[in-house]
Amino acid sequence: MTASEAPGDQTLFARKATGLVRGWSHFDGFLYAFLVGNTIIGLWVISFAPFIEDVSVFWSILLCAAFVALEVIVYAAWVATVPRAGGDYVWQTRVFGGPVGFVLAATGWWFILWHWVPIYANITVIAVVDPVLRIFGADGTVTWLSGKDGIFVSALVVIVLSSAYVGLGMRGYAKVQRWTFFIGMAGLTAAALLLLFSSESDFVGAYNREAADLYGASGNAYQQTLEAGGTDWPSLYGGSLEGAITFIPFLLFFLLWPNWGATLAGEVRGVSSFWRNVRTMGAALSLSAGAALVFVVLIDKTMGWDFFMASSNAYWAGEAPIPDYPAPVMFAAWLADSAVVQFLVITGAGMLVLSWYGSVFLSSTRMIFAAAFDRVLPEWTASVSARTHVPYVALALMTVPSVLVSALYAYWGDFATYTLDATLVIAITFLGTALAGIVMPWRLRRAYEASPVAALRIGPVPLVSAAGVGFAVFLVVNLVLWLRDDVYGVNNDDSLIYMGVLYLLAIAIYVVATIVRRREGMGLQAVQREIPYE
């Protein structure tokens, strides 16, 4: 059945054109992919290194990036072959059928992103806002932000800004991305230069000075931090292969996302070129991993790796002489004995986090839109604003539930533990796309053979299939580690049950949609066998 042969006078899809426009360049796609895994987030993730025995941070970052490069190949191939808004949802439904594709994508791109809002807010507060407030002596506000009201209000700020970014439309948000990226990289570069041109003795003096001025610490705070957090750590370049591998599940919170713009494929110019897609996602991955490597090398040189590990360990254990999160950018800024310079460096680099907010809703709205375009959701859910081409109903379906989830996160203490599997659920969705990529050359033969990807092979094996196998194995290994080892904090029974409820919600929506459409004389499976209109 084709769209023109649908029952009655209806087409299979909600309408004959999406209403979306190709408002982004590949450079905009690169910025988006980098900002969702930006360096501020990466340094926060690396602070969990003390949890892994015999950890090898430097080699773990390199190893993780190498494996995630397989993800880049798989997603670049999918985007070049089926460049449609909705990404994983469209590809998985066309390969595996509607039920599997919808359930995986709805849970991984729609429901789970509500739970990332308070996570985004928390990282912003501890890595950027608190250090700035300390400069101004606003200790009471720092305390308030760590309380229930502060947590909720900071989450609301993320919701408002993210909604505003998406509401600007693709072209408007592209401008926000560019300004925040360049300002953020300027602040990050300034922090790196302060570390580069300072010695370890300079840092010890700066740390003790600011610990006394900002926190009222007495004595040698640097030494006290070492004593509180311990000094028996592997060197930055040491550790073991096992330590490098077992740290990767932490790093995926930071490095798994160069494909984050794949759901926007229908709105980026030139995505039919496989190699341009590889360069876009690969550049984002390279910059994310490369900037993190530069910073850990500079931390090792100027702060001392034992200090970084000790300060992180003491902070997460609640035993640090300085109670705030040991933000590396904040520590670098302290090397300048000037409140003005410190403020500029911290807030400048913090713009990377501010720009990160758009990613929490933007990609998800396109998954919701694609499901509505397929008529799984009511047609009005695919409504697009006339001027900015924003799927505003889909945006509301992200915004409103996020407020409720943020309130639960802030005011119901147990709920925070329910969100621990936020990365795991998305990884499962990506696994679905990896498996779909393995069989793409046969399941979507016509689209595959018409794409430039068809010419790319490793001997007799299609490149996308080979990369799909490698990426799928990588994800399965990490899923096993997440679920097996307590150290990652995600195999909490309550969290797993809660995530199961989210999957059941997706199943319920699809069952209801199937019944409603059948009564209207159409089958959803017929829709989801066709490539949607642009």
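Helix α5 (residues 98-114) packs against helix α6 (residues 116-135) at an angle of about 55 degrees, with the two axes 5 Å apart. This comes from a predicted model, in which local features need pLDDT of at least 70, side-chain atom pairs count only at pLDDT 80 or more, and totals for chains, interfaces and linings use all residues. Residues are numbered from 1 along each chain as its sequence is written, and side-chain values use heavy atoms, with hydrogens and water left out. Helices here are DSSP runs of H or I with at least four residues (strands are E runs of at least two), numbered from the N terminus. The axes are lines fitted to C-alpha atoms, for helices over the stretch in contact, and angles run from 0 to 180 degrees between N-to-C directions.

That angle makes α5 and α6 oblique to each other; under 35 degrees would count as roughly parallel, over 145 as roughly antiparallel, 65 to 115 as roughly perpendicular, and the rest is oblique. On the α5 side the contact (heavy atoms within 4.5 Å) is made by Ile112, Leu113 and Trp114, and on the α6 side by Trp116, Val117 and Pro118. By class, that gives six nonpolar, no polar and no charged residues. For this count, Ala, Val, Leu, Ile, Met, Phe, Trp, Tyr, Cys and Pro are nonpolar, Asp, Glu, Lys and Arg are charged, and the others, Gly among them, are polar.

Trp116 turns up again in the largest nonpolar core, which has 193 residues; along with Phe102, Trp110, Met367 and Phe430, Trp116 is among those with the most contacts inside the core. The largest share of this core, 14 residues, is supplied by helix α3 (residues 57-81). A nonpolar core is a set of buried Ala, Val, Leu, Ile, Met, Phe, Trp, Tyr and Cys residues joined through side-chain atoms within 4.5 Å. Buried means under 20% relative accessible area, exposed means over 50%, and partly exposed is in between (1.4 Å probe, protein chains only). Leaving out residues up to four places away in sequence, Met367 touches Gly86, Tyr89, Phe102, Ala105, Ala106, Trp109 and Trp110.

Now for the charged pairs. Eleven salt bridges show up in a search of the whole structure, a salt bridge being a side-chain nitrogen of Lys or Arg within 4 Å of a carboxyl oxygen of Asp or Glu. One of them joins Asp28 and Arg178 at 2.9 Å, N to O. It ties together distant parts of the chain, with Asp28 in helix α1 (residues 26-35) and Arg178 in helix α9 (residues 169-196), 150 residues apart. Asp28 is buried at 3% relative accessible area, whereas Arg178 is partly exposed at 34%.

Asp337 and Arg209 also meet in a salt bridge, at 3.3 Å from N to O. This pair, too, links distant parts of the chain: Asp337 sits in the loop between α15 (328-334) and α16 (339-356), and Arg209 in helix α10 (residues 200-215), 128 residues apart. With a relative accessible area of 60%, Asp337 is exposed; Arg209, at 23%, is partly exposed. In another salt bridge, the closest N and O atoms of Asp139 and Arg134 are 3.1 Å apart. Here Asp139 is partly exposed at 32% and Arg134 is buried at 11%.

Salt bridges also link Arg375, Glu379, Arg517 and Glu520 in a network. Arg375 lies in the loop between α17 (362-373) and α18 (392-411) and is buried, with a relative accessible area of 5%. Its backbone is worth a look as well. Most residues other than glycine have a negative phi. Arg375, though not a glycine, has a positive phi of about 75 degrees. Asp54 also has a positive phi, near 55 degrees. This residue is found in the loop between α2 (39-46) and α3, and counts as partly exposed at 36% relative accessibility.

His26 is in helix α1 and is buried at 10% relative accessibility. Not counting residues up to four places away in sequence, it touches Val268, Arg269, Gly270, Val271, Arg276, Asn277 and Thr280. Asn277, in helix α13 (residues 274-303), is likewise buried, at 3%. Apart from its neighbours within four places in sequence, Asn277 is in contact with His26, Ala76, Val79, Ala80 and Val271.
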